[in-house]
Amino acid sequence: MDLFFGTYIFAVLLACVVFQSGAQEKNYTVREEMPENVLIGDLLRDLNLSFIPDKSLTMPMQFKLVYKTGDVPLIRIEEGTGEIFTTGARIDREKLCAGVVLDARCFYEVEVAVLPDEIFRLVKIRFLIEDINDNAPLFPATVINISIPENSAINSRYNIPAAFDPDTGINGVQNYKLIKSQNIFGLDVIETPEGEKLPQLIVQKELDREEKDTYVMKVKVEDGGFPQRSSTAILQISVADTNDNGPVFVENEIEVSIPENAPVGSSVAQLHATDADIGENARIHFYFSNLVSNIAKRLFHLNSTTGLITVKEPLDREESASHKLPVLASDGGSTPAKAMVLVNVTDINDNVPSIDIRYIVNPTNGTVLLSENAPLNTKIALITVTDEDSEHNGRVTCFTDHEIPFRLRPVFSNQFLLETAAFLDFESTREYAIKILATDAGKPPLNQTSMLLIKVKDENDNAPVFTQPFISLSVPENNSPGSQLTKVSATDADTGRNAEINYLLGFDAPPEFALDRRTGILTAVKNLDRENQEKYYFTVLAQDNGIPPLTSNASVFLTVLDQNDNIPLFTHSEYNFYVPENLPKHGTVGLITVTDLDYGENSAVTLSVVDMKDQFTIDPQTGVIRPNISFDREKQESYTFYVKAEDGGRVSQTSTAKVTINVVDVNDNKPIFIDPPSNYSFEWVPPSTNPGTVIFKVVAIDDDMGMNAEIRYSIVGGNIKELFMIEQISGNITLKEKCVFSDLGLHKVVVKAMDLGQPDSLFNIVNVNLFVNETVPNATLIYELVRRSIDAPATPSPDTTNSSTSTIDYVKIMVAIVAGTITVLLVILIAAVVRCRHSPHLKASQKNKQNSEWATPNPENMQMIMLKKKKKKKKNAPQTLLLNFVTIEEAKLDDADNDRNSVTLDLPIELEEQTMGKYNWSTTPTTFKPDSPDLARHYKSASPQPAFQIQPETPLNSKHHIIQELPLDNTFVGCDSISKCSSSSSDPYSVSECSYALTTFKTPVSVHARPTMKEVVRSHTPMKEVTTVEIWTHPHPQV
């Protein structure tokens, strides 16, 4: 009776406290996964606050959501109307109530403060989160294996692992189905007292393991939500031999208690089970059911042999106070025995109280700023104290440690409002550090403290006052920028930031002046020019830092005194020019423009180079910059100097500008190999190296820049067995395939490094020697092998030589047919043109064709081309002159190996004797002017072109035509079908300059170094046989 009466008195007192503090509770229901901005409720209407008139309040009614800093609220409240809406944060019941039992209700709580203080109340809002069907039921595994003895009776039942659905109620698991059961098995669903639906497999026909030992089908689980969700798993049934006695637990239900500080490895419960069988059929295996929660699996361990349950990880009652451990005992038969172990975790006082401060007045950097005019009972923060322990260990009291003008007013059992209890005075105390102490009732008690900082804010009530309200100044022009003109000052009777004065220019102040905000120093930021403006009149302001700020002003009258104030002005303070590195001396770099606002002699500006006068010149009047040097970007990328401008005044004025000349790269450097350092080095490769392994890295550099320095690598020779490949960007040489015994030995790989320069790319070649062997027994022998491989010619890359033979032959035939057709058409066209141009000479040539010969333009030249003929067997047969295929070879000097290389081009030549007879083959041919020089001698001395060698390459029955003749003006043109020529020389006998593009020929390539230049024209056979024409020249050495 006394206990009941005491409880009644406590409830009445608590109700009084809640009523006096203005605390209320309100419940709402909201579905999970609701979209943003959905209206949930209206606090103004639901709390019956609409009857309070706004006129009786000092400020409009306001609803403020109170939540912890850093938290993301799931709802928002319109401060003016009290309407509650959802936010963009996701409402997920399964996440919010992850530790709650599936069938328990899920709540989300927040607090709302109703302001102002005249009607203040704190409302606790509880949202019941309703579940929706947003999760599909899932089996514990996608494949479920069940073993059934072959002597199972019809209608025997076997448990199937149950599916799990995070949803609750009708949205949880409702039904199971078998798919393609072949009428051998059926499925039944039983419901446990806890409401769990468990599927059981029913044997509908007799089984015979010797006839069929495995059945595969699907089992489907469905929930009852809308829309309905389901999932399937593969059910694999194995028919086993007979085991007719299942294990039996001695105790089917065991309940134990264990303190939460029990050490890891402590015993929790010992399970005992027996089996009437013997041998392997009596060997019992203990294991947890699939219904065991993930937390329980993490915290407890079950010995599968002994049945002893021990602590696996430290327990925490606050995480979970009890655990259900369904344990199964199986002897390998169809139906395991089941026992339930209930573990209760007892509490110890191991958690200190927590203090949660939720600010009603928004803090700044963790400090609440409160005006000294704040009224009494101003709400500052909501203090929530909690303790995760239970019973008396979780009872918490809260208080402050000393007398301050603030108090804690209880609103709920564990929540307090911090509010002002007296008026604040900035002059007496400017800040408070409030210490909040929370302690529990445990033995020994645990406590927690938290600090809350409050700063009192001063109010601004005094405006600044200038010591001098009118300021008059006289300043000479051409002043230095930033020079001080005067200093203005003002005073303020307030303190702190309210007494801090900032000096500002008025809106009418011109941009030539600046006023320091702190010191009040007035400066001229620009050169004053009396010719532009002589007098200035503007205001200056003094403004304090109060809120709202207070301001006063003063007037400034400034007169500019005249001086000689104009200097030459450059259009830019800095000039940047970009020139190619092949710009010739005294070429034009750029133009600099300078002006002077004066007139007459004062505006006559003269330009000069301050430094680098020996390298660059500038026109004193026009400002054109020209170089006295030749540029080379690899030696110097840029040049920087200054140009001075000086006017012609009595006292001259000068100015300077910075000039930077940037040299633009031209692709004039070919790549240089760094690694390997020479063609005579080698790299050891063990035969056990895996394919794809980087065995060597080729490194080359290019002194150019940009795309001219971008290098691509490729294998152009060697690599006979195709064991290696190279990455074109990195230069990494990797093993292509696993080495075999026949691959042992020295491998030569010719690597080409080519830059991406424009318009022409440059390249270099190096030999990479790779020695494949288990060890390196004799380095001297390997170096000798390397030297011999250098002397041997490089084998072309197998990438080009090992293609399909039939495909190459077919392509060659097609190319030959097309080339022959085009050549025949060109010969016919050229013959027609030549016939028309030389018609006056054809008749004379026809008379002398039996004894005619073709002489060189210089009669004294001992080297000439002789054309001879044989008599025809038939007079009326067509007379045909056959010239063999000729080979044009371009000789170059290889810098790396000094090998003799040449680029050859096969040209088929056939000329009809009938047509050649129409030309006058006298010693003075019509295609040359009289007294023309010896072109061979002239070409030998002046031509910059590469040497060409024409040699026979094809049989006599070639059917391709080429007709070649010299120009009419006796100018030697060194051009062919693979080069472009341009001539700017006015000398009719000069040799034009040719630019040869990088060309790849189908014929083999060899390199020859010509010691001298010669020009040979000789005839080997009569015209009906074979005619060979050779022209050799030596190219100029490359610089």
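Two strands are said to pair if DSSP finds at least two bridges between them, and the strands themselves (E, at least two residues), like the helices (H or I, at least four residues), are DSSP runs numbered from the N terminus. In that sense, Val143 has Ile234 in β14 as its bridge partner. The model described here is predicted, so local features need pLDDT of at least 70 and side-chain atom pairs count only at pLDDT 80 or more, while totals for chains, interfaces and linings use all residues. Residues are numbered from 1 along each chain as its sequence is written, and side-chain values use heavy atoms, with hydrogens and water left out.

**The four-stranded sheet**

- Four strands form an open sheet in the order β8-β14-β13-β10, and their pairing is mixed.
- The edges are held by β8 (143-149) and β10 (173-179), each of which has a single partner strand, so that one side of each is left without a neighbour in the sheet.
- On average, neighbouring strands of this sheet are turned by 30° against each other, direction ignored, where the axes are lines fitted to C-alpha atoms and angles between N-to-C directions run from 0 to 180 degrees.
- Strand β14 (residues 230-240) runs parallel to β8, and seven bridges join the two.

**Helix α5**

- Helix α5 (residues 779-791) has 13 residues and spans 19 Å from its first C-alpha to its last, close to the 18 Å expected at 1.5 Å a residue, the expected span being 1.5 Å times one less than the number of residues.
- Its buried residues (under 20% relative accessible area, with a 1.4 Å probe and protein chains only) are Ile782, Val786, Ser789 and Ile790.
- Seen down the axis of α5, these buried residues fall within an arc of 105°, so they line one face of the helix; the arc is that of the directions from the helix axis to the C-beta atoms.
- The face turned away from the buried side carries Thr780, Arg788 and Asp791, which are exposed, that is, over 50% relative accessible area.
- The cover over the buried residues of α5 includes β51 (682-685), β57 (745-755) and β58 (763-772), with contact meaning heavy atoms within 4.5 Å.

**Two single residues**

- Ser555 lies in strand β40 (residues 551-561) and counts as buried because its relative accessibility is 17%.
- Beyond its neighbours within four places in sequence, Ser555 is in contact with Pro469, Phe470, Ile471, Tyr537, Phe538 and Thr539.
- Ala98, in the loop between α3 (93-96) and β6 (106-115), is exposed, with a relative accessible area of 64%.
- Ala98 and Pro166 are 68 residues apart in sequence, and their C-alpha atoms are 9.3 Å apart in space.
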